[in-house]
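Subject: Model handover

Dear colleague,

Here is the structure I promised. Please look through it before you read my notes.

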There are 2 protein chains.
Amino acid sequence: MTADPPAACCPPADDRPDLRPVEGEEADVELAALAKAIGHPARVQILRLLARRSACVCGEIVEELPLAQSTVSQHLKVLKDAGLIRGEIDGPRTCYCLEPRTIRRLKALIGGL
Amino acid sequence: MTADPPAACCPPADDRPDLRPVEGEEADVELAALAKAIGHPARVQILRLLARRSACVCGEIVEELPLAQSTVSQHLKVLKDAGLIRGEIDGPRTCYCLEPRTIRRLKALIGGL
DNA sequence: GGCAGTCATCGTAAAAATACGATATAGGCG
DNA sequence: CGCCTATATCGTATTTTTACGATGACTGCC
């Protein structure tokens, strides 16, 4: 399992545990920020899209959503700023993929409710 | 464990499974709405507070948060409209508690990511 | 170098969220 | 009944979000 990553941008698996607590004021703020990032149907769709094509896509996202390219780009930025996805420039296009570590963290925080 | 509910307002446990799918457009909108409701630190704090005092509280929430009473009431309304909590009028005060069914649903939807 | 394609950013308008004080409502108590 | 307490709602100001078109930056190709 020391092989290269399968795609240009998606990181290899990172199974290191997250030791941060799932409660307390910091966790509250963190959970609120992550939830806020997911709190729009278009962004949920983007996450699902990236999960389905386990590899990463780019402007195909724009084609899947009934939104202008600039709007989709803005939603991608929200998800990226929240740490939920990663975007890597791949030639003329940008390649997005999930950030599994943050997804796991989100599940842990929600699980703590 | 078939005893009466311990408090006036909190419903007894409801273990019926939720058969709705965790994917698809409806699930996307549902997840986005729930996440949006959680997407504010004050509301996360409220949920945690209600979870800790497994019974339900009322205006104590106002004392715990650095916000005006009307603002807290507004946050409670957001959570209630999302179905995450339940509020029941108990004499002169209102008694809030978690809605475990919706919390479970949220966990299922997040788990589907 | 010039051009076409892809994507991010800017500017902006409209809508929604957030917070507060003031006010209404409703219940319990003297 | 009149009053106090607890909570919801209203009105409002400020900020944030959402959406779009226009523009800019960068790449790859001719």
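Predicted model: local features only at pLDDT ≥ 70, side-chain atom pairs only at ≥ 80, totals over all residues.

Residues are numbered from 1 along each chain as its sequence is written, chains are lettered from A and ligands numbered from 1 in the order in which they are written, and side-chain values use heavy atoms, with hydrogens and water left out.

Chain A

Chain A has five helices and two strands. (Helices are DSSP runs of H or I with at least four residues, strands are E runs of at least two, and both are numbered from the N terminus.) The order along the sequence is α-α-α-α-β-β-α. The radius of gyration, taken over C-alpha atoms, is 15 Å for chain A, close to the 13 Å that the globule rule gives for 113 residues, so chain A is as compact as a globular protein of that length. That rule is 2.2 Å times the number of residues to the power 0.38. Buried residues (under 20% relative accessible area, 1.4 Å probe, protein chains only) make up 37% of the 113 residues in chain A.

Helix H2 of chain A covers residues 41-52. Its buried residues include Ala42(A), Val44(A), Ile46(A) and Leu47(A). Arg43(A) and Arg48(A) are buried too.

DNA strand C

Sugar or phosphate accounts for 62% of the atoms of DNA strand C within 4 Å of the protein. The rest belong to bases.

A side-chain N or O atom of Lys36(B) is 3.2 Å from a phosphate oxygen. For Thr71(B), a polar side-chain atom lies 3.1 Å from one. Ala68(B) uses a polar backbone atom, at 3.0 Å.

Glu99(B)

Where does Glu99(B) sit? It is in the loop between strand E2 (93-98) and helix H5 (100-111) of chain B. Glu99(B) is buried, with a relative accessible area of 16%. It touches Pro11(B), Gly83(B), Leu84(B), Ile85(B) and Arg86(B) (heavy atoms within 4.5 Å), not counting residues up to four places away in sequence.

Best regards

Notes: Near = heavy atom within 4 Å. Polar contact = N/O pair within 3.5 Å; in protein donor to acceptor, adjacent residues only side chain to side chain. Expected span 1.5 Å × (residues − 1). Buried < 20%, exposed > 50% of the residue type's maximum accessible area, 1.4 Å probe, protein only.
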